[in-house]
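Subject: Handing over a structure, with notes on what it contains

Dear colleague,

I am passing this structure on to you, and I would be grateful if you could look through it alongside the notes below.

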Amino acid sequence: MAFNLTEDKILQLAPDDSSVKAAKGLATLGKWTLREYSGRAVWGHCQGSGKNPYQTVIDLRDIAFKCSCPSRKFPCKHGLGLLLLYARQPDLFNQAEEPDWVKSWLTKRTEKTEKKELKVKSDTQVDESAQAKRQEKRHRKVLAGISDLEIWMKDLLRNGFLNVPERAYIIFDNMARRMVDAQAPGLAGRLRAMQEIDFGSESWKSDLTEGMARLYLLVQSYRNIDSLSADWVEEIRTQIGYPQSKEKVLEGKAVTDCWLVLHRQSRKISDIATDIYWLYGKDSGLFARYLSFTVAGSIPADNLIPGCVYEGGLCFYNGTGICRRALFRESVLLESTFVPDFCRDLKEAAAAVRRAMASNPFSEEIPLLISDVTIVRNGKGYSMLDNSRHAVTVDLPEETYIDILAITGGQPFALFLLVNGDRWKLKSIWFNREYHDWKDENNRIYHTDSIARNL
């Protein structure tokens, strides 16, 4: 086994609380009639309610699961239970040759990876003339949509924002649909984000004004795209909704580093689940966003664990800003971890946010690391305080605040936040050589092993 599989790390892979409970119940010797491992996998038989036992296998190279049970959850309780048992008592497993059902699955995974690599390296001929015609046709459609959007924005401004809250769905949904028709899904996404503003909050006017300002800046940038630099052309096109080919991204130069997973953000729209991983490079000091998409009923391709470190090459999408999307060309989970470089106080953190906004005014969810802060109540909300008694309002649920108090006892700690406008959202913390993270969907807390340096 190439790394230490702790219970905390394994449980971070559970899809929900019930899976955690069920997996713990299955992590016992009596549940498994077969327990074996090889240099790259661990597998076993678990007797269920049927005649034949469930066959469960785990790829230890990048932590992937397969089980013959009918569960729709991934990983299922059998995979988690087997991995928990292996992590706790590896001596209960016999080293053996991989049976056909294990070998077949591992071979398919290897072949799939090789096919992806071949696809990236292949010199597929592209009909450049036909491609240029398609791009020009889409460009004209986007410009037509932008013209309608500008008229809509001016009408909305002339009428004022006071009546927007009671008509938000109609106002924004109709125009968002128009942007989808214009092949500008990025603009549609920004309109739908404004539709979801909390119009019962005191900040809704400033939130709406900021959203409209960014939207207007984006459409004007697209109108003047021919005068922009190459990086900004790619950035504006991406913001509008033009895709960048994964194959082209992976052909680019990779940044090889040890990448710490700062946080995982899970979202689900219709039948597609999206995991956004926020990464930090040990030597490069770079932030990155890694996205993993899973269609309902399919197996996730990636299971990056918050608080853990993956060594490998990241290929960044073209564009600008301090935190661009990236793809792993290859990665290996390491046993060790590290502490990232933090801003020393809130003044330095605020300057980092300003630099990020200056580098890309369309930046949202700016990653930020700060050390030596505490959290205090501020009326109905919460504020961060540094050693100089500077304060910044921070977003976090009551349950998370209570968790932090229980972990830190009110002592200073380091934290990772995502900053969107004037909203600073706490996502994970480091205290007493341990990393703690809260899953977005239910604020459930996890922590990893002790890390190398005491904060």
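Before the details, one term is needed throughout: two residues are in contact when they have heavy atoms within 4.5 Å. Helices (DSSP runs of H or I, at least four residues) and strands (DSSP runs of E, at least two) are numbered from the N terminus. What you have is a predicted model, in which local features need pLDDT of at least 70 and side-chain atom pairs count only at pLDDT 80 or more, while totals for chains, interfaces and linings use all residues. Residues are numbered from 1 along each chain as its sequence is written, and side-chain values use heavy atoms, with hydrogens and water left out.

Overall picture

The protein chain has twelve helices and 17 strands. Of its 455 residues, 46% count as buried, where buried means under 20% relative accessible area, exposed means over 50% and partly exposed lies in between (1.4 Å probe, protein chains only). Among the contacts in the chain with a separation of 6 or more, 61% are accounted for by residues 24 or more positions apart.

Helix α5 and its partners

Helix α5 (residues 128–159) packs with helix α6 (residues 164–181) at an angle of about 165°, their axes being 9 Å apart. Here axes are lines fitted to C-alpha atoms, for helices over the stretch in contact, and angles run from 0 to 180 degrees between N-to-C directions. The two helices are therefore roughly antiparallel to each other, given that angles over 145 degrees count as roughly antiparallel, under 35 as roughly parallel, 65 to 115 as roughly perpendicular and the rest as oblique. The crossing of α5 and α6 is right-handed; a crossing is called right-handed if the near helix is turned clockwise from the far one by less than a right angle, and left-handed if anticlockwise. On the α5 side the contact is made by Lys141, Ala144, Gly145, Asp148, Leu149, Trp152 and Leu156, and on the α6 side by Val164, Ile171, Phe172, Met175, Arg178, Met179 and Asp181. By class, this contact has nine nonpolar, one polar and four charged residues, with Ala, Val, Leu, Ile, Met, Phe, Trp, Tyr, Cys and Pro counted as nonpolar, Asp, Glu, Lys and Arg as charged, and the others, Gly among them, as polar.

Helix α5 also meets α8, their axes coming within 10 Å and crossing at roughly 145°, and this crossing is left-handed. From α5, the residues His139, Val142, Leu143, Ile146, Ser147, Leu149, Glu150, Trp152, Met153 and Leu156 meet Met212, Leu215, Tyr216, Val219, Gln220, Tyr222 and Arg223 of α8. Those residues divide into twelve nonpolar, three polar and two charged.

Helix α7 (residues 185–195) has as its buried residues Gly186, Leu187, Ala188, Arg190, Leu191, Met194 and Gln195, and these pack against α5, α6, α8 and α9 (230–240).

Arg214 is found in helix α8 (residues 204–223) and is buried, with a relative accessible area of 9%. Not counting residues up to four places away in sequence, Arg214 touches Arg190, Met357, Pro361, Phe362, Ser363, Glu364, Asn420 and Gly421.

Thr320 sits in the loop between β9 (309–316) and β10 (323–333) and counts as buried at 16% relative accessibility. Its contacts, leaving aside neighbours within four places in sequence, are Asp231, Trp232, Glu235, Ser359 and Asn360.

Cysteines and backbone details

A search of the whole structure finds zero disulfides, a disulfide being a pair of cysteine sulfur atoms within 2.5 Å. The sulfur of Cys67 is 3.7 Å from the closest cysteine sulfur, in Cys69, which is too far for a bond. For Cys76 the closest cysteine sulfur is likewise in Cys69, at 3.7 Å, too far for a bond, and Cys76 counts as buried at 7% relative accessibility.

A cis peptide bond joins Phe74 and Pro75, with omega about -10°, and Pro75 lies in the loop between β4 (64–67) and α3 (77–88).

Asp372, in strand β11 (residues 366–378), has phi near 55°, a positive value in a residue other than glycine, and is partly exposed at 30% relative accessibility. Arg389, in the loop between β12 (381–385) and β13 (391–394), has phi near 70°, a positive value in a residue other than glycine, and counts as exposed at 60% relative accessibility.
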